[in-house]
Amino acid sequence: MRNYLKTADSDWFKARVIGMLLCVLIAFTFLFLRLFYLQVLKGDTFRRQSESNSIRLQSIDPPRGLIFDRKGALIVDNRPSFDLSVIPRDAKPLEETIGKLSQYLKIPKEELIEKIRRQRSRLSYKPILLKQDIGRDVLAAVEVHRFDLPGITVNVKPVRHYLDYHAAAHLIGYLGEIDADELKIRKGDGYRAGDFIGRFGIEKALEDFLRGKRGGRQVEVNAVGQVSRVLRTVEATPGHNITMTADKTLQKRAEDLLIGKTGAIIAMEPDTGHILALASSPSFDQNAFVSGLSHKYWSALLSNPDRPMANKGVQGEYPPASVFKIVTTIAGLEEGVIDEQTVFNCSGSYRYGDREFRCWKKGGHGAMNVISALAESCDVFFYQTGRRIGIDRLAFHSRASGFGTPTGINLDHESSGLVPDEAWKKRRTGIAWQGGDTLSVSIGQSYNLVTPIQVLVLTAAVANGGKRYRPQVLDTITTASGELIRKTHPEVIGQLSAGEKTLDILRKGLWQVVNTSRGTAWRAAHLDDIAIAGKTGTAQVVSRKETEETTPDGIADDLKAHAWFTAYAPAETPRIAVTVIIEHGEHGASTAAPLAVDMIKTYLRN
């Protein structure tokens, strides 16, 4: 019996040991399988997650390409901006950290917390921008207290810097933060939220050349998100540099001349189409867009009736006034309805049907041929010339002069102007064209609309022998190291409908405008050492009858005529053409001509 009990105890003990061994074996098997799953099957995934806690990638913004004038003078540069961000994962406790930070930034804590909440969808280890361009005082405070501000980082990136206040603002343009719609379209090009993109002018037209290529670095961070060492860096590629056709000295002079005025001044080389200066007034501060445009400043720009954001030289559409007599002269001579010997008498008015069309000179000019009529801007001579030409042929020569079509300048939103004819009026108003309409068009009034750049291209074409060049604002594009990427060349876009004999007669008349005592610009534009040829214009905003019925106190400013002057010099061998438009400046001779002469003197004498 005793032996039986011993055998039973031994079997029970063995069974217990075997059971325990099986349990241990199963446990180790599960442990092994779990380790195999974690280290082999999911090893790469968890290794990347582990590294992301200590190793991060940081973007390096590329410096935008520089912009120079035709002589190599720097106009647009870059400067460092210190941008303050927070990494939510590292900034714990978050509210306490933001509370301390708000004291240094002088920004309410709630405002900073709201910025973070608006981007709660971002990954917790991705930085959220709190304040751009914080300034050196704030930077010093943050750096001194960096150990009390876990998760707060300061990154240095290059931002645009326009060296001179309002410098060529409408020519160069400005930058603005990329919006959500643009980001969807251009995300494949490397843009990210918060990036700046060209909004206007050269900055927009040459965005793909100027922007550069983003770089990056791999860094190791400590427990509070501060960089302890840089593991690897891929440097950003700077954008390409731009050399403009504009002359900085002449551009500055144009801007100074327009201070307190509303209008535009444009200067161009007649034989190349190179724009030497393009100024529009009033202007705006480009740097305000880079540093963060305030709502107050933006509202002031939009509500200003003088439209500072509009490039009046390219977008502004105005009645050409007597400047259009250049076209009427070409049309009259080429159509054979007048020649150099044709004389019309001006008594101060011209009756057509039951209506009297008056000349600007009440007493009349007397006997006028085409050259003297240009010099003295006799309306009656051009009424009669226009009547003989007819509106459709006048429209043909107007289009051949470049009116009614954009010039193709490489700037945004160029306007086309308007060349009216019989079909246009019928389509637009439902009323048939009248003979009196032709008379008004022939002196640049009625439905005519032109842009200053169109008038400039026409003026340059008269000066160079009839070729209409595309206005060019870009000279060269080079890499940061100086390698030439692109060089622009003069491009002819059309030819005036004028033979050499017509151009010779026309140039004589334009020369007399400035250089004879009866010329309309004699007092304002004549120089002893530089022969200038040009044409004045005074564009009525309202009819003369309405003007005469204004109050005894005078004409309201917004009803005063626009002042034109377009010219080239030296008359014998033209090197510069200039067009000036001053809104509500009243008289081209007294208001616009002196500005054009100043531009010519600045360029030729220097």
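**Notes on the predicted model**

1. Arg-307 counts as partly exposed, at 37% relative accessibility. Please keep in mind that this is a predicted model. Arg-307 lies in the loop that runs between helix H12 (295-303) and helix H13 (325-335), and its phi is positive, about 55°, although it is not a glycine. Most residues other than glycine have a negative phi.

2. Glu-586 also has a positive phi, near 75°. You will find Glu-586 in the loop between S23 and helix H23 (588-605). With 29% relative accessibility, Glu-586 counts as partly exposed.

3. Now for the sheet. Five strands, ordered S12-S11-S23-S22-S21, make up an open sheet with antiparallel pairing. At its edges are strand S12 (275-281) and strand S21 (533-539), each pairing on one side only. On average, neighbouring strands are turned by 5° against each other, direction ignored. Helix H20 (residues 500-515) packs on the sheet and touches S21 and strand S22 (562-569); the direction of H20 makes about 75° with that of S21.

4. Strand S11 (residues 263-268) runs antiparallel to S12, and six bridges join them. Ile-265, for instance, has Ala-279 in S12 as its bridge partner.

5. Two peptide bonds are worth a look. Ser-281 and Pro-282 are joined by a cis bond with omega about 0°; Pro-282 sits in the loop between S12 and helix H11 (286-290). The bond from Ala-569 to Pro-570 is cis as well, with omega near -15°, and Pro-570 belongs to the loop between S22 and strand S23 (576-582).

6. Leu-25, in helix H1 (residues 2-41), counts as exposed at 53% relative accessibility.

Note on methods:
Residues numbered from 1 in each chain as written. Predicted model: local features only at pLDDT ≥ 70, side-chain atom pairs only at ≥ 80, totals over all residues. Heavy atoms only, no water. Pairing = 2+ DSSP bridges. Helix = DSSP H or I, 4+ residues; strand = E, 2+ residues; numbered from the N terminus. Axes fitted to C-alpha atoms, helices over the stretch in contact; angles between N-to-C directions. Contact = heavy atoms within 4.5 Å. Buried < 20%, exposed > 50% of the residue type's maximum accessible area, 1.4 Å probe, protein only.
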